[in-house]
Structures are given as C-alpha cells and as structure tokens.
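I opened this model today and kept notes as I went.

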Amino acid sequence: MPAMKTLENKVALITGAASGIGAETARLFASPGAKIAVADRDAAGGHKVAAETDGHAIEMDVTSEADWKRAVTATVETFGGLHVLVNCAGIELVKSMAETSYEDWRRVMSVNLDGVFLGTRAAIGVMRKGGSIVNISSVAGINGFSRQVAYCASKGGVRLLSKAAAVECAEAGLGIRVNSVHPGIIDTPMAQEILGTVEAKMRGEIEARWKLMHPIGRIGRAAEVAQCILFLASDASAFVTGTELVVDGGLTAR
Ligand SMILES: NC(=O)c1ccc[n+]([C@@H]2O[C@H](COP(=O)([O-])OP(=O)(O)OC[C@H]3O[C@@H](n4cnc5c(N)ncnc54)[C@H](O)[C@@H]3O)[C@@H](O)[C@H]2O)c1
C-alpha cells in the first residue's frame with residue numbers, strides 16, 4: 001500500500017520496533033522518507049528492522065529513565081531533532097486476578113504504563129518545534145477482559161495518560177499532539193505467544209473465538225494498525241489530539 005507523503009523529512013522514534021506492530025510501523029514510516037530510530041530491548045531484532053528501513057537501531061528498556069535519556073539524545077544527535085514518538089513496546093499477561101502476583105502486576109505496569117509515561121515526558125522535553133506522540137493502548141484499555149486485570153489496567157492508564165498529556169501540551173501552546181491507538185487482536189508474535197500458552201488441542205477453538213469477537217470476522221494485521229499510527233503521526237491529523245483511535249474490526253462497537 002503506498003504511504004502518505006506527510007512524514008517526509010520527519011524524525012520518528014518507535015519503541016517495540018523489532019517486532020509486530022512496531023516493526024510494521026517502522027517499515028511504513030520509512031517509505032515516505034522519514035528518518036527512523038528503531039528502539040527495542042531486542043537488539044538483534046532492532047538491528048534487522050533498522051537495516052530494512054535505513055534506520056538507527058537503539059537498544060533500550062522502556063522502563064529505564066536513563067535509557068530514555070540516552071535514546072532521545074541519540075535520536076536528536078543522529079537525525080537533528082525529534083518530531084514523532086510511537087510508544088509501541090508492550091507485554092501481555094493472561095492470568096486470573098488470583099494468579100496475578102504483585103510482581104506480575106508491577107512488571108506489566110512498568111513496561112506498558114511507566115514506559116509510556118517516561119517516553120512521553122522525554123519526547124515533550126525535546127520536541128522544540130512541535131510533534132506527535134502516538135501511544136499504543138488496546139481494546140483492553142477501553143473494555144474489561146477476563147484474565148487480563150494487569151494488562152487492562154495498564155492499557156486504560158495509557159488512554160488517560162494520553163488525554164491528560166494532550167490537554168497539557170495544547171494548553172501550553174507546545175504544538176505537540178498526543179493520541180492513543182486501540183487495536184483489537186492483531187496477528188503478531190504477541191498473539192502467537194498467547195496461543196502458545198494454551199494446550200495444542202484448544203488452539204483452533206481459541207482462534208475461532210478470536211475471529212468471532214470481531215464483527216469483521218477476522219483478527220487484524222499489523223500493517224492495518226500501522227496505517228492508523230501513520231495518520232496520527234502525520235500532519236494529516238493536525239487537528240486531532242487527545243483522542244483514541246480504535247482499530248478493532250468492530251469489536252468494541254458491539
Ligand atoms: N497483538 C495484539 O493483539 C495487540 C492488541 C492490542 C494492543 N497491542 C499492543 O501493541 C503493542 C505492540 O504489540 P505487538 O503485538 O506488536 O507485540 P510484539 O510482542 O510482537 O512486539 C512487542 C515489542 O516490544 C518489545 N518490548 C517489550 N518490552 C520492552 C521493554 N521493556 N523495552 C523495550 N522494548 C520492549 C519487544 O522486544 C517486542 O519487540 C503492545 O503495546 C501491545 O500491548 C497488541
């Protein structure tokens with residue numbers, strides 16, 4: 001699919017860019033001539049995507065304040081600025097409330113919510129000529145799902161963090177927009193990992209259930225989410241801030 005030209009000459013830092021939605025976003029952003037910083041804790045995967053996109057690989061852990069400082073500084077030094085941040089790094093946890101240890105809870109909140117806070121704050125600090133921050137939440141940031149208490153809480157936090165940051169940036173006249181994206185189930189290594197945790201004989205049933213959850217009748221593709229991220233990252237959405245873009249084949253419309 002041809003990409004919008006609107007990211008030409010812009011610098012984008014994408015976390016979680018070694019895999020799934022983040023990697024597809026890096027590939028899509030690369031085509032209009034944007035400069036891409038490919039950030040991930042998976043160094044090998046990050047280098048692979050950076051090579052494909054003519055990007056700059058940054059090994060980082062989004063839960064580390066020091067790593068954020070280093071990543072943002074490296075991006076600005078390498079490319080001369082920062083215009084777009086996509087906070088895509090995230091982890092899943094499928095456990096009942098009783099099975100969720102406090103350590104599990106903290107790990108999920110730390111990557112999915114603290115990471116987005118640290119990234120959003122670090123980007124706002126260097127986006128001198130305005131910018132766009134796109135935070136990847138989930139349908140689980142809007143609705144509650146069984147056996148996903150920590151994940152839902154973290155993604156719900158991302159939704160309101162984004163709205164609060166959007167209002168604050170707009171009122172301060174910074175020219176920085178902040179929005180969240182809420183995918184349904186998307187065929188990525190994360191979804192495959194969840195399938196891998198269930199008994200082999202149950203997998204077909206789970207996949208059928210996943211399809212039925214989406215009125216469109218299938219799960220989504222990473223490239224379909226990347227198109228929505230591109231819209232929010234680009235000037236095509238210049239009057240859009242503090243909103244949630246749901247990309248879920250109708251799942252939450254029911
Ligand atoms: N796949 C889905 O069904 C789905 C649905 C809704 C939302 N999401 C969200 O979309 C985002 C991307 O998910 P995906 O499906 O592409 O997953 P994925 O597992 O394919 O990719 C996630 C990437 O994040 C990186 N990562 C994880 N923890 C990190 C950390 N602490 N520091 C740096 N990098 C880290 C991983 O190394 C990986 O490359 C996540 O935030 C996820 O919660 C996914």
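**Entry 1: a helix on the sheet.** I began with helix α1 (residues 20-30), which lies across β1 (11-15), β2 (35-40), β4 (84-87) and β6 and runs at about 165° to β1. For the labels: helices (H or I, at least four residues) and strands (E, at least two) are DSSP runs, numbered from the N terminus. For the angles: axes are lines fitted to C-alpha atoms, for helices over the stretch in contact, and the angles run from 0 to 180 degrees between N-to-C directions. Contact means heavy atoms within 4.5 Å. I then looked at helix α2 (residues 43-53), which packs on the sheet, touches β2 and β3, and makes about 165° with the direction of β3.

**Entry 2: ground rules.** I remind myself that this is a predicted model, in which local features need pLDDT of at least 70 and side-chain atom pairs count only at pLDDT 80 or more, while totals for chains, interfaces and linings use all residues. Residues are numbered from 1 along each chain as its sequence is written, and side-chain values use heavy atoms, with hydrogens and water left out.

**Entry 3: the sheet itself.** I traced an open sheet of seven strands, paired in parallel, in the order β3-β2-β1-β4-β5-β6-β9. Its edges are β3 (56-59) and β9 (244-247); each has a single partner strand, so one side of each is left without a neighbour in the sheet. From one strand to the next, the twist averages 20°. Two strands pair if DSSP finds at least two bridges between them.

**Entry 4: following the pairs.** I checked β1 and β2, which pair in the parallel sense over five bridges; here L13 stands opposite A37 in β2. Next, β2 and β3 run parallel and are joined by four bridges, with D40 having E59 of β3 as its bridge partner. The chain gets from β2 to β3 through α2, and this β-α-β crossover is right-handed. That term means that, with the strands pointing away from the viewer, the path from the first strand over the helix to the second runs clockwise. I also looked up β5 (residues 131-136) and β6 (residues 176-183), a parallel pair with six bridges. I136 has V181 in β6 as its bridge partner.

**Entry 5: is β2 enclosed or open?** I asked how many residues of β2 are buried. Five of the six are, so β2 is largely enclosed by the rest of the structure. Buried means under 20% relative accessible area, exposed over 50%, and partly exposed in between (1.4 Å probe, protein chains only).

Entry 6: A43 sits in helix α2 and is partly exposed, at a relative accessible area of 25%. H214 lies in the loop between α7 (203-213) and β8 (220-221), and is buried with a relative accessible area of 3%. Beyond its neighbours within four places in sequence, H214 is in contact with G184, I185, I219, D248, G249, L251 and R254. E193 belongs to helix α6 (residues 189-196) and counts as exposed at 59% relative accessibility. I noted that E193 and E92 are 101 residues apart in sequence and 9.1 Å apart in space, C-alpha to C-alpha.

Entry 7: Most residues other than glycine have a negative phi. I found that N9, which is not a glycine, has a positive phi of about 65°. N9 is in the segment before β1 and is exposed, with a relative accessible area of 58%. D54 also has a positive phi, near 55°. D54 lies in the loop between α2 and β3 and is exposed at 70% relative accessible area.

**Entry 8: stepping back.** I ended with the whole chain, which has eight helices and nine strands. Along its principal axes, the C-alpha trace spans about 50 × 40 × 35 Å. A compact globule of 254 residues would have a radius of gyration near 18 Å, and the 17 Å of this chain agrees. That radius is taken over C-alpha atoms, and the globule rule is 2.2 Å times the number of residues to the power 0.38. Of the 254 residues, 48% count as buried. Among contacts with a separation of 6 or more, 69% come from residues 24 or more positions apart.
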